[in-house]
Amino acid sequence: MRNSKLLFTALLLFTLALSASAKDVFYNVLDFGARGDGKTNNTKAINAAIAAAAKNGGGTVYFPAGNFLSFTIRMKSKITLHLDQGAVLIGDQEVNGVGYDLPEEDAWYKKFQDFGHSYWKNSLIYGDSLRDIAITGNGMIWGKGLYTFDKPNIKGSGNKAIGIKNCFNVTIKDISILHGGHFCILATGVDNLTIDNVRADADRDAFDIDCCKNVHVSNCNINSPTDDGLCLKSSFGLGYAKATENVTITNCHVYGYDHGTLLDGTFKTDFKDEAPNANHSITGRLKLGTESNGGFRNIAISNCVFEHSRGICIETADGGLIEDVVIDNITMRDVTDTPFFIRLNARMRGPEGTPVGVCRRITLSNINVYDVGGRPKFPEVGACMVMGIPGHYIEDLTLSNIRIYFRAGASKEAIDKEVPQNIDMYPDPYRWHSLPAYGMYFRYVKGLRVSDVVLRYMNRDERPAFVLDDVHDATFYNIDAQKGDGAPQFILKNVTNFSTHQVNGVADTKVEKADKKEL
């Protein structure tokens with residue numbers, strides 16, 4: 001009995017010690033004057049809790065259940081913001097110039113990136129040059145008072161849920177974000193970034209990961225009907241070119257349903273086949289680019305699901321290098337334009353003298369897509385697109401184990417339509433309203449390997465499955481592509497060293513050079 005009492009006493013003392021320790025490192029915002037009544041603005045109280053924690057060497061600033069209105073929350077190093085279940089951090093609406101922190105002063109290089117990529121301070125949660133920070137918990141960030149565009153003419157306006165810059169060791173985990181403004185998360189120049197199990201119902205972009213290194217994105221649900229869902233960028237927003245590199249994205253879902261219908265579980269759309277934005281298509285996609293000054297290296301994307309959205313875009317337009325990208329185990333359904341779009345062009349929005357970029361060593365494998373393109377505005381849109389520009393080729397591209405069902409439905413007249421170069425334009429599939437192939441269109445490519453591909457269309461289409469224009473060293477193996485009566489399987493233009501093996505409707509073929517040829 002004596003030993004039992006001693007053991008109980010020891011356990012009690014240990015528990016009390018842990019409680020005392022927890023009390024020291026947890027800073028409840030209520031203790032600093034915050035009120036979760038949905039009426040009181042708590043900016044001062046929240047920032048006071050953060051300052052107190054930072055003064056003591058760091059800790060967790062804790063939000064219990066409640067509705068907490070706030071303007072800019074200024075993060076500090078070694079701080080975790082923890083939103084408990086039922087806690088809602090609400091971005092308040094500015095009044096008479098009183099509101100969020102003012103954005104940074106304009107820098108000389110702001111012209112080299114989209115407006116939103118030059119400012120971070122006007123965010124609901126903001127941090128610059130910090131280390132060891134986190135935003136966690138099962139609560140929600142609701143950007144109720146945030147704008148979807150920068151509003152420099154409205155003093156005190158905010159437009160990002162989370163804006164962080166030049167930080168190290170950042171974790172964002174388990175939270176939900178509703179209506180994040182222009183960006184739910186804008187992370188620029190962040191090294192060692194982890195985003196895990198986050199649900200985002202976005203006004204515009206959900207996650208923009210810009211000039212970041214060592215990034216892990218996993219288990220996230222993203223709904224973004226009017227702009228990009230999960231977007232890797234490499235802008236000039238830091239004042240110099242920095243690559244986004246060493247990135248893994250896995251086990252994520254990307255949608256393009258109406259705002260708010262991810263988090264309420266209804267997954268509704270009032271737009272159906274029409275478009276809520278200027279690009280004539282519901283968005284919600286995974287993209288590398290268009291901001292591409294620094295380029296992208298060592299990117300691995302796997303086990304992702306896309307539904308009622310666009311697909312995958314890989315783009316370098318501003319001189320950046322794209323190399324060593326692997327995309328594997330992807331399923332898509334109800335894709336509004338193209339399953340994948342790979343583009344090297346020369347918008348060249350950057351310092352004078354920057355050379356055109358490079359795009360090489362990309363592998364796409366194990367991709368299953370159903371119901372692509374064919375929307376009323378552009379019924380012929382939907383083909384996979386891989387395009388460089390004259391003198392600048394996409395190199396060493398491998399496509400394997402891919403199955404795609406297209407809506408299709410174009411006549412053979414589409415074969416003869418001129419495909420614009422759009423060399424210096426914003427690279428996006430909607431700029432090409434018609435392509436001469438229903439399945440895959442390749443232009444300015446060197447080193448192409450396509451194997452184990454099945455293509456089908458749901459409406460009669462008289463275009464070929466594949467068009468190759470200025471493509472060199474290309475091999476197609478084990479291809480099962482549907483084609484209409486009298487339609488060729490391939491159209492080759494200015495193609496060298498082309499071969500097929502086990503392609504339905506085409507005898508095994510070796511073509512050394514073809515100015516123009518149909519197979």
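A: The account below takes up the cavity, then the nonpolar cores, then the backbone.

The model is a predicted one. Within it, the count comes to 1 cavity of 30 Å³ or more. The volume of the largest cavity is about 40 Å³. Its lining is made up of Met75, Ile125, Ile133, Ala134, Ile135, Ile164, Val170, Thr171 and Ile172. Sorted by class, these lining residues comprise 8 nonpolar and 1 polar, with no charged residue present. Two strands, E9 (131-136) and E12 (168-173), each contribute at least two residues to the lining of the largest cavity.

The nonpolar packing may be considered next. In soluble globular proteins, nonpolar side chains tend to be buried together. Here the largest nonpolar core holds 117 residues, and the members that touch the most others are Phe442, Leu468 and Phe476. Strand E31 (residues 440-457) provides the largest share of this core, namely 8 residues. The surroundings of Leu468 can be set out in detail. When neighbours within four places in sequence are left aside, Leu468 is in contact with Phe442, Leu448, Ala474, Phe476, Phe490, Ile491, Leu492, Lys493, Val495 and Phe498.

Gly289 and Thr290 are joined by a cis peptide bond, with omega about 0 degrees. Thr290 has its place in strand E23, which covers residues 286-292.

Positive phi values outside glycine form a further topic. Asn96 has phi near 50 degrees, a positive value in a residue that is not glycine. Asn96 belongs to the loop that runs between strand E7 (87-91) and strand E8 (123-128). With a relative accessible area of 79%, Asn96 is exposed. His179, likewise not a glycine, has a positive phi of about 50 degrees. Its position is in the loop between strand E13 (176-178) and strand E14 (183-188). The relative accessible area of His179 is 22%, so His179 counts as partly exposed; the cut-off for buried is under 20%.

Definitions and conventions:
Residues numbered from 1 in each chain as written. Predicted model: local features only at pLDDT ≥ 70, side-chain atom pairs only at ≥ 80, totals over all residues. Heavy atoms only, no water. 1 Å grid on protein atoms, 1.4 Å probe; cavity = no way out; pocket = protein on both sides within 12 Å on 5 of 7 lines; lining within 4 Å. Points joined across faces, edges and corners; volume = space filled by probe spheres on them. Helix = DSSP H or I, 4+ residues; strand = E, 2+ residues; numbered from the N terminus. Nonpolar A, V, L, I, M, F, W, Y, C, P; charged D, E, K, R; others polar. Core = buried A, V, L, I, M, F, W, Y, C linked by side-chain atoms within 4.5 Å. Buried < 20%, exposed > 50% of the residue type's maximum accessible area, 1.4 Å probe, protein only. Contact = heavy atoms within 4.5 Å.
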